[in-house]
Amino acid sequence: MLSLALPPAAVKNFMGQLLRETQFDFFAVRNVELTLATHISISGLLETEGEEAPGKKKYTSWGELRPLVYDLIKRATKPKLIKIVFSHPAPVDIHTNAAALFLNMTYEGDRIIFTTATSQQSFALEKTLDTAWDEWVQTFFINKNISVENNLGDDV
């Protein structure tokens, strides 16, 4: 698991990118929680009709959900909490044993924290899945020119 923080001076700019631009649009969204005047929880689970493979769930993309979340947030004076659980839409492209790959974002008190998590298809003690996902996330941030720091203070 990787834990990254956005420098406080970069929070406002990042939130503008997240809510108005397309950098995160390809991610699937498992869940969004907003604490504005009230608490709002949005499931990213798509309601599908017809035959679906057992155990296979489909989630909306951030690109599809972003306008709704942006509209809710811009109506508030200032959000107290924003939590988004992103997931990679094709986890086996990152690692053959990946069932799901998560990038969790929490905005609270003018601070943004990102954490990574993985789910395996088959139990394994080795950590190559975690390492592959953490490296992919760090590269993603670098490629999008988003400066983050790990909890030890090292820049990524």
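**Note on the predicted model**

1. **Asn 145.** Asn 145 sits in the loop between H3 and strand E7 (149–150). Helices (H or I, at least four residues) and strands (E, at least two) are DSSP runs, numbered from the N terminus. Asn 145 is exposed, with a relative accessible area of 71%. Here, buried means under 20% relative accessible area, exposed over 50%, and partly exposed in between (1.4 Å probe, protein chains only). Phi of Asn 145 is near 55°, which is a positive value in a residue other than glycine.

2. **Ground rules.** This is a predicted model, where local features need pLDDT of at least 70, side-chain atom pairs count only at pLDDT 80 or more, and totals for chains, interfaces and linings use all residues. Residues are numbered from 1 along each chain as its sequence is written, and side-chain values use heavy atoms, with hydrogens and water left out.

3. **Asp 110.** Look next at the loop between E5 and E6, where Asp 110 is placed. Phi of Asp 110 is near 60°, again a positive value in a residue other than glycine. Asp 110 is partly exposed, with a relative accessible area of 42%.

4. **Helix H1.** The buried residues are Val 11, Phe 14, Met 15, Gly 16, Gln 17, Leu 18 and Leu 19. They pack against H2, E4, E5 and strand E6 (111–120). An α-helix has 3.6 residues a turn, so residues three or four places apart point the same way.

5. **The core.** Which residues of the largest nonpolar core touch the most other members? They are Phe 14, Phe 24, Trp 62, Phe 86, Met 105 and Phe 141, in a core of 38 residues. A nonpolar core is a set of buried Ala, Val, Leu, Ile, Met, Phe, Trp, Tyr and Cys residues joined through side-chain atoms within 4.5 Å. H1, strand E2 (28–35), H2, E4, E5, E6 and helix H3 (128–143) each supply at least two residues of this core. H3 gives the most, with 6 residues. In soluble globular proteins, nonpolar side chains tend to be buried together.

6. **Met 105.** Met 105 lies in strand E5. With a relative accessibility of 0%, Met 105 counts as buried. Leaving aside neighbours within four places in sequence, Met 105 is in contact (heavy atoms within 4.5 Å) with Phe 14, Leu 18, Ile 82, Lys 83, Ile 84, Phe 86, Ile 112, Ile 113 and Phe 114. His 95 is 10 residues from Met 105 along the chain, and their C-alpha atoms are separated by 22 Å.

7. **Phe 86.** Apart from neighbours within four places in sequence, Phe 86 has contacts that include Leu 18, Phe 24, Trp 62, Leu 101 and Met 105.

8. **His 88 and Pro 89.** His 88 is found in the loop between strand E4 (81–87) and strand E5 (98–108). Pro 89 is in the loop between E4 and E5. Is His 88 buried or exposed? At 10% relative accessibility, His 88 counts as buried. Pro 89 is partly exposed, with a relative accessible area of 48%. The side chain of His 88 reaches the backbone nitrogen of Ala 90 at 3.0 Å. Neighbours within four places in sequence aside, His 88 is in contact with Phe 26, Phe 27, Ile 94, Leu 101, Trp 133 and Trp 136. On the same terms, Pro 89 is in contact with Phe 26, Phe 27 and Ala 28.

9. **The second largest pocket.** About 280 Å³ of space lies in this pocket. Of its 14 lining residues, Lys 12, Met 15, Gly 16, Leu 19 and Arg 20 are the closest to its centre. A pocket is found on a 1 Å grid over the protein atoms alone, as an open set of points where a 1.4 Å probe fits, with protein on both sides within 12 Å along at least five of seven lines; lining residues have an atom within 4 Å of a point. The volume is the space filled by probe spheres set on the points, which are joined across faces, edges and corners. Helix H1 (11–20) and helix H2 (62–74) each give two or more residues to the lining. The largest share, 6 residues, comes from H1.

10. **Lys 74.** Lys 74 lies in helix H2. At 53% relative accessibility, Lys 74 counts as exposed. Lys 74 and Leu 19 are 55 residues apart along the chain, with C-alpha atoms separated by 9.7 Å.

Methods:
Polar contact = N/O pair within 3.5 Å; in protein donor to acceptor, adjacent residues only side chain to side chain.
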